[in-house]
Amino acid sequence: GSPATVSPTGQPTGADPSDLGQAGPYLTTAQGARLYETDKSLKAGARGPVLLQDHHLREKITHFDHERIPERVVHARGAAAHGVFQGYGTAAQVSKAAFLAKDVETPVFVRFSTVLGSRGSSDTVRDTRGFATKFYTAQGTFDLVGNNIPVFFIQDSIKFPDIIHAGKPHPDREIPQAQSAHDTFWDFVSLHTEATHHTMWNMSDRGIPRSYRMMEGFGVHTFRLVNAEGQTTLVKFHWKPKLGVHSLVWEEAQIINGMDPDFHRRDLADAIEAGAFPQWELGIQTFPDNPEQMYEGIDLLDPTNIVPEEIAPVQPIGLLTLNANPTNYFAETEQVAFHPGHLVPGIDITDDPLLAGRLFSYLDTQITRLAGPNFAQIPINRTHAPVNDMLRDGFHQDAVHAGVAPYRPNSLDGGCPFLAGADTGAYIEVPVEVPAARKVREAPATFSDHFSQPRLFWKSLTDVEREHLIGAYTFELGKCYEQAIKERQLKVLANIDPQLCEQVATGLGLPVPEPTVELTPVTPSPALSQLGQVWPPD
Ligand code: HEM
């Protein structure tokens, strides 16, 4: 095809990806020279040696040799879809983000994933699922890089390499590929009791979703929204599926793993192709911004905590509809690059120490995964807002920048381009007070209650759900070779609930340990106490 967008030098800019190959009337080399044969290499006689001078052979094989890029270090296996997000306007009081305004429609790209398995692993394994959404808003790209579980294993990003090393296959035998059932994982979580809450969600039915279309999504961290008047509100983001939340049972998941390892990606693509477009409502739980960043005794900076919806209801602010499958898995699903730091005016971060590390990690890993610093130019990663940055050169630079050196102010280059001021739509960080502090490697005291919330989760389950959870702990711990690890994990369960601990211990044929903490919450509050049957625990 003829290039839709042409740079001043006459080169296609790549704005229309169909221009970059495979649209012409006949086969060519990458340089556009017309081919007459692509099935036979050039030889000295039909039975003679193949000639090194065969440029077409060398180009074809060389390109093939470099087709693979590294898979993501986590969330390697995924499936994605395009769609649209429509704001309800209900968030206007708390956020000035333009895409949340009433009836504004914003294109989105959503990638669902498992966390631990490699790109070729199975879909229906017991694992956390990623739920990452790229909103191509008029004010720049906003990424909500969430999971289907509302809490995380660790409270500080410095432990992320540790938990992932513990969960990934053993270095010697590369076992297991895609399941949490092994010694290093259980060794880690039994030694780091902050991981208990997330692990319980994994062992519950939430760890084996029926479909990507039937999962909730969570931003996990507390974010800070800012409205047009500069007032701030702390929030947690939730995606609520219109189809409801559904899970597989373990036996189903096992059979599907064998019969159709692509079950979830097939389900998503088939549903969209059939016109059964999956939908989610985006909602927020709101909390007054306060210097302590606590709500009813719950530390909002601790990503191992939820806030029960009974005391902070989820308020719907918009509707997501996925309505188109990707055209090319590699170009879109594989090359998309999400980043929790892709924010737009009206949405800011908090000091959650886990989020801080993520703000560094995603760009850093993508420089390796996508070979250099220019992957924002890949079509799926391009913002829909106008770009005028001062970034130059580097691997895979596709833009042909004109003008003199990119620095500002610059009197040789037509003067300083317009810099948006305080009230003109620029992204301005909320000027949060930072109290005088000592430099320390410490966690706050409020991060040390690792059992109240897992207990809350256990109390919220029905009998059937509890049975499934007990079955999952028993099965997964049963795969550990080391008895000491099983015994240590049983001690953790003893600190959650005696019945849970006893039943898992019985299933494993091991003695039932005593709890080591009091089975009451460390930080009860009147509102939490009103929750009655689930909080505080018996
Ligand atoms: C992917 C790091 C915690 C959700 C990734 C990737 C890295 C990473 C390096 C691969 C990105 C890429 O290659 O493009 C971290 C670190 C964490 C952390 C350092 C904590 C310190 C979390 C949490 C969530 C999350 C708490 C959920 C709230 C995701 C998702 C993806 C991802 C959904 C897949 C994105 C995609 O589909 O491309 N993470 N992560 N991560 N992470 Fe995290």
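How many of the nine residues of β3 are buried? Eight of them are, and β3 is mostly covered. A residue counts as buried if 20 or more other C-beta atoms lie within 10 Å of its own, as exposed if 12 or fewer do, and as partly exposed in between; C-beta atoms are placed from the backbone. The model is predicted: local features need pLDDT of at least 70, side-chain atom pairs count only at pLDDT 80 or more, and totals for chains, interfaces and linings use all residues. Residues are numbered from 1 along each chain as its sequence is written.

**View 1. The whole protein.** The protein has 13 helices and twelve strands. Both are DSSP runs, numbered from the N terminus: helices are H or I with at least four residues, strands are E with at least two. The radius of gyration is 26 Å, close to the 24 Å that the globule rule gives for 538 residues, so the protein is as compact as a globular protein of that length. This radius is taken over C-alpha atoms, and the rule is 2.2 Å times the number of residues to the power 0.38. Along the principal axes, the C-alpha atoms fill a box of roughly 80 × 65 × 50 Å. Of the 538 residues, 36% count as buried. Take the contacts between residues at least 6 apart in sequence: 70% of them join residues at least 24 apart. Two residues are in contact if their C-beta atoms, placed from the backbone, lie within 7 Å.

**View 2. Strands β2, β3 and β4.** β2 (105–114) and β3 (129–137) run antiparallel. Seven bridges join them. Here F112 stands opposite F131 in β3. β3 also pairs with β4 (140–147), again in the antiparallel sense, over eight bridges. Strands pair if DSSP finds at least two bridges between them. F135 stands opposite F142 in β4. A hairpin of two residues joins β3 to β4.

**View 3. Around the ligand.** The shell around the ligand has 27 residues, and H75, R111, G130, S157 and V220 come nearest. β2, β3, β4 and α8 (353–369) each give two or more residues. α8 gives the most, with eight. The shell divides into twelve nonpolar, eleven polar and four charged residues. Ala, Val, Leu, Ile, Met, Phe, Trp, Tyr, Cys and Pro count as nonpolar; Asp, Glu, Lys and Arg as charged; the others, Gly among them, as polar.

**View 4. The largest nonpolar core.** This core has 88 residues. V110, L493 and V504 have the most contacts inside it. Such a core is a set of buried Ala, Val, Leu, Ile, Met, Phe, Trp, Tyr and Cys residues joined through C-beta atoms within 7 Å. Leaving aside neighbours within four places in sequence, V110 is in contact with A80, A81, G83, A132, T133 and L322. In soluble globular proteins, nonpolar side chains tend to be buried together.

**View 5. Backbone details in the loops.** A cis peptide bond joins R408 and P409, with omega about -10 degrees. P409 lies in the loop between α8 and α9 (452–460). H396 is in the loop between α8 and α9 too. H396 is not a glycine, but its phi is positive, near 60 degrees. H396 counts as exposed, with 12 C-beta neighbours inside 10 Å. Q293, in the loop between β8 (279–288) and β9 (294–295), also has a positive phi, near 55 degrees. Q293 is buried, with 21 other C-beta atoms within 10 Å.

Methods
Near = placed C-beta within 6 Å.
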